[in-house]
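Please look over the sequence and the model shown here before reading on. The report then takes up selected local features.

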Amino acid sequence: MLGRIIKESAGFYYVIPGASSPDKEIYLCRARGIFRKKSERPSVGDIVDFSLTGTKDVEGSVDSIRERKNLLFRPPVANVDRVLIVFSGSDPAPNLLLLDRLLVSMKRKGILAAICINKSDITEDPVLLELKETYEGASYPVFITSAKENEGREALLSFMKGALTALVGPSGVGKSSIMNMLTQTDLAKTGEVAKKTGQGKQTTRTSEIYVIEDVENTYVMDTPGFSAFDISDLDEKELFHYFPEIERESGGCFFRGCVHMEEPEDKCAVKAALSKGLIKESRYNNYRTIFSDLRSKRSYR
Ligand SMILES: Nc1nc2c(ncn2[C@@H]2O[C@H](COP(=O)(O)OP(=O)(O)OP(=O)(O)O)[C@@H](O)[C@H]2O)c(=O)[nH]1
Ligand SMILES: [Mg+2]
Ligand SMILES: [Zn+2]
């Protein structure tokens, strides 16, 4: 049978039959020994061939893995179609440098990314509007939600429809709470934000896929709170291609190979666009920070 791994725990793989199958059952499987020999490992998200063995505490075995579309994050998950980057408007306050890094890394992997700003119930409207304007101006879809007040479900589902979307972002921003809003259950465990540090407590430990029952072929993956993504192999001179609004404005730069750093404003269209407010300062400043980081990392190699 064809199925998808939705969860892994203690050496067991939880497999649901392929989308074409009407039965909603979850099969508890072990991976065949052959994987260990090939030092290959099934991952959450994998499309697999599995068979029912019907032993006492295991129902089946994962026999082979179908070719993967991609393999992301650590520990890796497979076949992610879209990513929803989740931050909260407050508690914890959004870290825009991390957000911009995530956007760069998703764009490099060719994965469609959208941004969700959660906890709108405890965030001032001007803060929400500014974030929306900044990132829509950078050509990303932006969703404002409150998992607590069950707001924003329909809009999120219109982005997620017919695909597997991973929820990523720091701990405590409400990814699992959003998951529960999407599935209209309380299956995903949620945790507090620590008062002292203002950080989440890394409640979600492993990635797990949930099926959205009322929208066809729609799967959402809850993930642990990723805090870092490695983009250090990116050449800093290429970085501006991963900031859509900077790339858009760069066509008018005087120098070929302009990197929009120390070039003067009358020669750099990106800097001109920045002073006209066509590019947001926070985005440009984060571009500069990431550029410098990449350059200094490269000088070590
Ligand atoms: N006020 C408010 N609180 C929320 C909202 N969404 C989530 N929370 C709270 O934020 C805290 C963290 O929520 P989680 O859903 O566990 O966050 P998470 O992103 O899954 O965190 P990790 O699993 O640690 O990565 C919990 O106390 C939630 O009740 C919201 O929309 N508004
Ligand atoms: Mg969680
Ligand atoms: Zn330039």
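## Basis of the model

This is a predicted model, in which local features need pLDDT of at least 70 and side-chain atom pairs count only at pLDDT 80 or more, while totals for chains, interfaces and linings use all residues. Residues are numbered from 1 along each chain as its sequence is written, and chains are lettered from A and ligands numbered from 1 in the order in which they are written.

## Shell around ligand 1

There are 25 residues around ligand 1, of which G174, S176, T190, T204 and G225 come nearest; a residue belongs here if its C-beta atom, placed from the backbone, lies within 6 Å of the ligand. Helix 5, residues 175-183, gives the most to this shell, with 3 residues.

## Helix 3

Helices (H or I, at least four residues) and strands (E, at least two) are DSSP runs, numbered from the N terminus. Helix 3, residues 125-137, has buried residues L131, T134 and Y135, which cover an arc of only 85 degrees around the axis and therefore lie on the same side of helix 3; the arc is that of the directions from the helix axis to the C-beta atoms.

The face turned away from that buried side carries the exposed residues D125, P126, L129, E133 and E136. Buried means 20 or more other C-beta atoms within 10 Å of the residue's own, and exposed means 12 or fewer, with C-beta atoms placed from the backbone.

## Strand pairings

Strand 1 (residues 2-9) pairs in the antiparallel sense with strand 4 (residues 47-52) over 3 bridges, and G3 stands opposite V48 in strand 4. Strand 4 is also joined by 5 bridges to strand 5 (residues 60-65), again antiparallel, with D49 opposite S64; pairing requires that DSSP finds at least two bridges between two strands.
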